[in-house]
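Me: Please take a close look at the helix packing here, and at the aromatic side chains that go with it. Keep it brisk.

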Amino acid sequence: MSFSGPSMGSGGRTFRRAFEFGRTHVVRPKGRHQATVVWLHGLGDNGASWSQLLETLPLPNIKWICPTAPSLPVSLFGGYPSTAWFDVNELSENAQDDLEGLDASAAHVASLLSTEPAGIKLAVGGFSMGAATSLYSATCFALGKYENGNTYPANLSAAVGLSGWLPCAKNLSSKMEGKDEAARRAASIPILLCHGTGDDVVSFKFDEKSSHALISSGFRDVTFKAYDGLGHYTIPQELDELCAWLTSKLELEGRS
């Protein structure tokens, strides 16, 4: 599936960036299907690696959809192409937000969720850059639209970010101000953030500030879990707490 949008070229000319998403891997529920979670990998990874891990989790009522990001020139790598949900020039609060890439990836997530049956709870989660895209999707859900103004169609019931950050955090509070429906949606969606204090790729403080930005913008059900000494990877304790949180927030029948 591909998405494209306008960008400004030299001399003010407009061109369109094409986003060609890679292969999507699906993990079917082993029990009664109650929820579907789109899970997004990190920079340079693919959907297959996370689908293999998620299949081992004791969550029989969840269908996991693990797409693969498009291959994009990444400014952080000097323009060298890598699988990425959006372009990024640095992993810090000073990073420039690639709004076009974020919108395209959030739209891809919403498209993947659009064919799920009625009554199935929908959620999004991810690791690192995938976590950033998931949290951006949660803000689009609250605002009811993407940055480009198009309507955000998915009715999200939860969002998860492991070792990630919140894009566009500095402007979120002002965008939410005075919007009653956005405030209602923000208050309705539970968000789980997990981060290691030893992360040398995406700093712990960066994600901690992201959690504060969400809370100050009206997201009332935000859980931030810190893992002492953990680097830029996941561990069984974190995954256990993820399973317990999803079971509770998505009201699943129980773990296998």
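Reply: **Aromatic rings and helix packing**

One aromatic cluster is formed by Trp-39, Trp-50, Trp-64 and Phe-127. Rings of Phe, Tyr and Trp (for Trp, the six-membered ring) pair if their centres lie within 6.5 Å; planes under 30 degrees apart are stacked, over 60 edge-to-face, and the rest tilted. The count by this rule is eight aromatic pairs.

This is a predicted model: local features need pLDDT of at least 70, side-chain atom pairs count only at pLDDT 80 or more, and totals for chains, interfaces and linings use all residues. Residues are numbered from 1 along each chain as its sequence is written, and side-chain values use heavy atoms, with hydrogens and water left out.

Among the pairs, Phe-86 and Trp-165 are edge-to-face, at 6.2 Å centre to centre with 75° between the planes. Phe-86 sits in the loop between strand S7 (80–83) and H2, and Trp-165 in the loop between strand S9 (156–162) and H4, so the pair ties together parts 79 residues apart in sequence. Helices (H or I, at least four residues) and strands (E, at least two) are DSSP runs, numbered from the N terminus. Phe-86 is buried at 3% relative accessible area. Trp-165 is buried too, at 5%. Buried means under 20% relative accessible area, exposed over 50%, partly exposed in between (1.4 Å probe, protein chains only).

Trp-165 also pairs with Phe-206, this time stacked: 5.9 Å centre to centre, 20° between the planes. That pair links distant parts of the chain, 41 residues apart, with Phe-206 in helix H6 (residues 204–216). Phe-206 has a relative accessible area of 7% and is buried.

Now the helices. H3 (residues 129–143) packs on H4 (residues 169–176) at about 10°, with the axes 11 Å apart. Axes are lines fitted to C-alpha atoms, for helices over the stretch in contact; angles run from 0 to 180 degrees between N-to-C directions. H3 and H4 are therefore roughly parallel. Under 35 degrees is roughly parallel, over 145 roughly antiparallel, 65 to 115 roughly perpendicular, and the rest oblique. On the H3 side, Thr-139, Ala-142 and Leu-143 meet Leu-172, Lys-175 and Met-176 of H4. Contact means heavy atoms within 4.5 Å. By class, this contact of H3 with H4 has four nonpolar, one polar and one charged residues. Nonpolar covers Ala, Val, Leu, Ile, Met, Phe, Trp, Tyr, Cys and Pro; charged covers Asp, Glu, Lys and Arg; the others, Gly among them, are polar.

H3 also packs on helix H5 (residues 180–188), at about 140° with axes 7 Å apart. H3 and H5 are therefore oblique. Phe-141, Ala-142 and Leu-143 of H3 contact Glu-181, Ala-182, Arg-185, Ala-186 and Ser-188 of H5. The classes are five nonpolar, one polar and two charged residues.

Helix H2 (residues 99–113) and H3 pack at about 80°, axes 9 Å apart. H2 and H3 are therefore roughly perpendicular. H2 brings Leu-102, Asp-103, Ser-105 and Ala-106; H3 brings Thr-133, Tyr-136 and Ser-137. Here the classes are three nonpolar, three polar and one charged residues.

Ser-173 is partly exposed, at 35% relative accessibility. Ser-173 and Leu-214 are 41 residues apart in sequence but 8.1 Å apart in space, C-alpha to C-alpha. Leaving out residues up to four places away in sequence, Ser-173 touches Ser-216 and Ser-217.
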